[in-house]
Amino acid sequence: MKKQTATQIFESLSSGIRLDIFRLLVKQGPEGLVAGQIATELDLPNTNLSFHLKALTHAELLSMEQEGRFLRYRANIPLMLDLIA
């Protein structure tokens, strides 16, 4: 993994809220959660959550899939394993 990519990942996780989101999605496994479920689980306002989800997605720590009018987010476990390696 390139140093710049690793730095971007660590910067993205330096926020406590983003770290909480990532941990929650890791626990959910491949099923992931829709944004509303994440907001409920972590007691976050949707606007605040949207900002953090965008940052995590930009760092490729999360994948996003459209499900009707909902967005389902999943942790990118292979990326994290590559970072650890």
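Analyst: The radius of gyration is taken over C-alpha atoms, and the globule rule is 2.2 Å times the number of residues to the power 0.38. For the 85 residues here, a compact globule would come out near 12 Å; the protein has 12 Å, so the two agree. The model is predicted. Its C-alpha atoms fill a box of roughly 35 × 25 × 20 Å along the principal axes.

The fold comes next. The protein has five helices and three strands. Along the sequence they run α-α-β-α-α-β-β-α. Among contacts with a separation of 6 or more, 55% join residues 24 or more positions apart.

Now the core. Nonpolar side chains tend to be buried together in soluble globular proteins. In this model, 34% of the 85 residues are buried. The largest nonpolar core holds 22 residues. Within it, Ile21, Leu25, Ile38, Leu61 and Leu62 touch the most other members. At least two core residues each come from α1 (3-13), α2 (16-28), α3, α4, β3 (70-75) and α5. The largest share is that of α2, with four residues.

Leaving out residues up to four places away in sequence, Leu62 touches Ile21, Phe22, Leu25, Leu53, Leu56, Thr57, Tyr73, Arg74, Ala75 and Asn76. Two of these partners, Ile21 and Leu25, are also among the core members that touch the most others.

Next, the surface. The accessible surface comes to about 5600 Å². Carbon and sulfur atoms account for 54% of that area. Val26, Ile77, Leu81 and Ile84 make a nonpolar surface patch of about 370 Å². Helix α5 (residues 77-84) gives the largest share of the patch, three residues. Ile77 lies in this helix.

Most residues other than glycine have a negative phi. Asp43 is not a glycine, yet its phi is positive, about 55 degrees. Asp43 sits in the loop between α3 (35-42) and α4 (46-58). With a relative accessible area of 69%, Asp43 is exposed. Glu60 also has a positive phi, near 65 degrees. The loop between α4 and β2 (62-67) holds Glu60. At 52% relative accessibility, Glu60 is exposed, since the cut-off is over 50%.

Note on methods:
Residues are numbered from 1 along each chain as its sequence is written. This is a predicted model: local features need pLDDT of at least 70, side-chain atom pairs count only at pLDDT 80 or more; totals for chains, interfaces and linings use all residues. Side-chain values use heavy atoms; hydrogens and water are left out. Patches are made of residues with over 30% relative accessible area and no salt bridge: like charges are joined within 9 Å, nonpolar side chains (Val, Leu, Ile, Met, Phe, Trp, Tyr) within 5 Å. Accessible areas come from the Shrake-Rupley method with a 1.4 Å probe; for residues, only the protein chains shown count as cover. A salt bridge is a side-chain nitrogen of Lys or Arg within 4 Å of a carboxyl oxygen of Asp or Glu. Buried means under 20% relative accessible area, exposed over 50%, partly exposed in between (1.4 Å probe, protein chains only). A nonpolar core is a set of buried Ala, Val, Leu, Ile, Met, Phe, Trp, Tyr and Cys residues joined through side-chain atoms within 4.5 Å. Contact means heavy atoms within 4.5 Å.
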